[in-house]
Amino acid sequence: MSAVEALRGGSHVAVFVLGDSGMGKSRLIDAVVGELGPEVTPVPIHGSASLTKVPYGVLGPFIVGLPVQEATSQLAVLRTLWAHLEEQKRATQKPLLLVVDDAHDLDEATAGILAELAAAGWAKLLVGAAARPGLPEPLLQLWFEGIAERHDLRPLTLAQTTEMLEGELGSQVLPNVAEILWEASGGNPMLLNGLLDDAKNDGTLLRRNGVWLFTRHLNSHGDRLTDVVRRQLLMRSPEERQALNLVALAEPVSRELIESVAGEEAVGSLIDSELIRVTDTGSGELRLWHTVYGDTLRNLISPARSLQLRQSLLRKMDSEPTSAEGLLRHVSWSIECGAEVEDRQLLRAAVLASRLYEDELARKAAVLVKDPELKMAARAVIARTRYNASDYVAARDILDADFGQGNSIPGLLTGSLLWAAAMSALGHTPAEIMKRAQALRRAAERLAAARPDDAEAIHRATEERLETMEAMVLALAGEYAAAPAAAASAEDAAAGTPPSNTLVQAFRLCLDAERLLAGGKGLSALAAMTRAMEAAGADHDELYFLTDFLVVRSAAAAIHSGDWQGAESLLTGFVAGSGPNLISFGGGVHAAHGIILLYQGKAAQALNTLSAALEALRLTDPQQLFALTAAMAFAAAAEVGAQTKAELLLADFEAAPAALPRYMRSLAAMAVVYGKARLGNYPGAIAELKRLGRPYPEVDTAGLELDSLAFCLALGDTDSAPRLLELRAGLEGPRPAAICAYAAAISTDNAADLLEAAKTCETAELWAFAALAYDAAAHVYRASGDTLRERMANSQRKRCLDRADDLPGDEAAKSDDSLGILTRRERDIVALAVRGLTDRQIAAELQVSVRTVEGHLYRSYAKLNVKGREQLPGIGGH
């Protein structure tokens, strides 16, 4: 490692390791000492906050023989210290390495002595310090002079967190596990390990069928994390502890308010120590620096003390919180300490909590609502939390009891859309749902008769709700046979005609997109879905899951057309903005990734990804993707010959609920037929696939036909090629174009055409089809006796199959072989040099000296066998 090299070399006298608490400074220092152990005499020196203002305080063990009257003399201290160190050096006959921990707590005098020892070459320093307040000035001066190397430990990236988790758990980890833990820990290794241990111990993180996944939302007040927080509290004054507890209980909270209770000095100290932060410089709002500390701190405070703190804060508050987050904390805090909360505020908090998937808080708040007029809305919130957990039966039963029972327009309509969504998730057809929904119209007639002055408004609101409900259930079911009625609405939207009901407009556009997708126009379907997202807007009220639905349908269009980058962008954007929803919907994101891999011909990767997605979907499946995922995983298992695994996945598919939209239902059936054919036990597979591709002769289903015929081609049925060529002109996207190019080439049986088709498939990243095209070209060359070209085609075929079998990152690793002989720091410096940075700019970027950069570059030139910087771009280009 770079730190070891710096201490071994002659150009550096010190190495500084800086980072926040928990970033691994001590572990890194121990590793360096372990590496250098046989070569040096390590001498530990520990900084102490209690001795910061005592000159030479931490050097006490080394200068015990110094007379009291000389204890403040730098020369006398230096002489005595050196005599002690020299004695240790003589005993080991090895150079001295002073290992200084918590150097930020050193007094200036001690720091000056250590700097002098290092600068004079008497000893080398290995120093750890907190990033804030940082190193004392005398030590920092060594870095400014270029004779010390500095390493700033930064938070782990998502990729590093994933690697760490895989190393720790030793098994397949669902991607959303890494994403959630990374976000919760802020990339801090100490917090990450604490969260990980607590999650495993309390069952939040479980291993199911070889896959590690979250079973519920992350608990951040387990034993390990509690110990971390307790240690932090022990180092704080009573005023600082009071301020920290108040921020934890009330965040986000005004800085002025906390300072009025705990004092400006306490708040300032916590900000400097990066325990709390100012998030809004305008209003001066305070929050905890690490959000995971919040639950732990609140859990450590007794209800009586919590109530006392609440009263001390309320006395100084002018008004109650206005932000959504502030309201949730206020209500949650009140519930925890047994304080009364007004019913409307409870209901508001319950609705907000359910939208944020804080289901436990939502239920607690909803159950406490006492006002009879608000109880129905509160029960609807409880139903929403059941829907969040994919318990659709419980959600329907709660909503069924109140359906059409309201005594006002809001009460009449409360929960009606969620009721319809739950019915759809349970497999009821749109016709069945709308037949039962007529109870809403009858209830509206009764209410209008009782309140004749409001009759018109009641009927208008009810009809609008029924219209929205019908559009929604048709869209959820993907009934694209009814889509022609939606086409006019889609055209109106494109022409800029303002819709009377934006949700109806959004659902009709979804249905139109489904029709276009089934018809093979994936790019047009994606454009329609983009308009649907715009029409739906941001505030979906009851339909808080609408964004998930729109993302699924948009991703389906992008995947069908082969717009992998577009699909990845959609999914990445969803993950970045999903927050707590990632546990609920994470399985759907991974399922989409798996289907992309399967279409690309990467069956082994697809099987791993889809299997992991299935485990997440067993727990919660808000978009009813389990059956499709099981079917695709079965096809992938059959493709790689995993017979036992395939049988289990087929059983999963057959036992899954059938609540799939029409297009996905057809696709799942095709994948199952294909998998059975791959396993060798389905003689009628080709005929069955072709039938599934044309389920409705009166409806254009060219897209479904493309999917079915692509499966046929993959099974070796070249008779499917002519029909694909008939469909070719009406299909959209690089995937259909590449598959049709392959179909055209095998129809001509011309080697040049097959090679061109193979390149087209490679460009579309359809590696299995590219391999088939190269294989067909090799057969043509063999038939003509051209063995040289046959070998070339077979070589290209093997390359495509290898590409399909590559694990993520393999390709980059193969291309980086030339850089593998460099150390990590040398690779970093070479990468910046390739980008065109000067030695001085590289030094500033990596916070090392110019001489260090020059030394690393010269060693890199020698290892890479290049003459200088001008030849590096060729290396970096790999």
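Author: β7 and strand β8 (residues 211–214) run antiparallel to each other and pair over four bridges; strands here are DSSP runs of E with at least two residues, helices are runs of H or I with at least four, and both are numbered from the N terminus. Two strands count as paired if DSSP finds at least two bridges between them. Within this pairing, Leu206 faces Leu213 of β8. The model is predicted, so local features need pLDDT of at least 70 and side-chain atom pairs pLDDT 80 or more, while totals for chains, interfaces and linings use all residues. Residues are numbered from 1 along each chain as its sequence is written, and side-chain values use heavy atoms, without hydrogens or water.

The sheet to which these strands belong is open and has three strands, in the order β6-β8-β7, with mixed pairing. Its edges are β6 (172–173) and β7 (205–208), each of which pairs on one side only. Helix α31 (residues 603–619) packs on this sheet and touches β6, β7 and β8, where contact means heavy atoms within 4.5 Å. The direction of α31 makes about 35° with that of β8; axes are lines fitted to C-alpha atoms, for helices over the stretch in contact, and angles run from 0 to 180 degrees between N-to-C directions.

A second open sheet has five strands in the order β2-β3-β4-β1-β5, and its pairing is parallel. At its edges stand β2 (41–46) and β5 (148–152), each pairing on one side only. On average, neighbouring strands in this sheet are turned by 15° against each other, direction ignored. Strand β1 (residues 14–19) pairs with β5 in the parallel sense over five bridges, and Phe16 stands opposite Arg150 in β5. Helix α2 (residues 25–36) packs on this sheet, touching β1, β2, β3 (96–101) and β4 (124–130), and its direction makes about 165° with that of β4.

Helices also pack on one another. Helix α24 (residues 455–477) meets helix α26 (residues 502–518) at an angle of about 25°, with their axes 9 Å apart. That angle makes α24 roughly parallel to α26, a term for angles under 35 degrees. The residues in contact include Glu467, Ala471 and Met472 of α24, and Leu503, Phe507 and Arg508 of α26. By class, this contact has nine nonpolar, one polar and two charged residues; Ala, Val, Leu, Ile, Met, Phe, Trp, Tyr, Cys and Pro count as nonpolar, Asp, Glu, Lys and Arg as charged, and the others, Gly among them, as polar.

Technical notes. Parallel < 35°, antiparallel > 145°, perpendicular 65-115°, else oblique.
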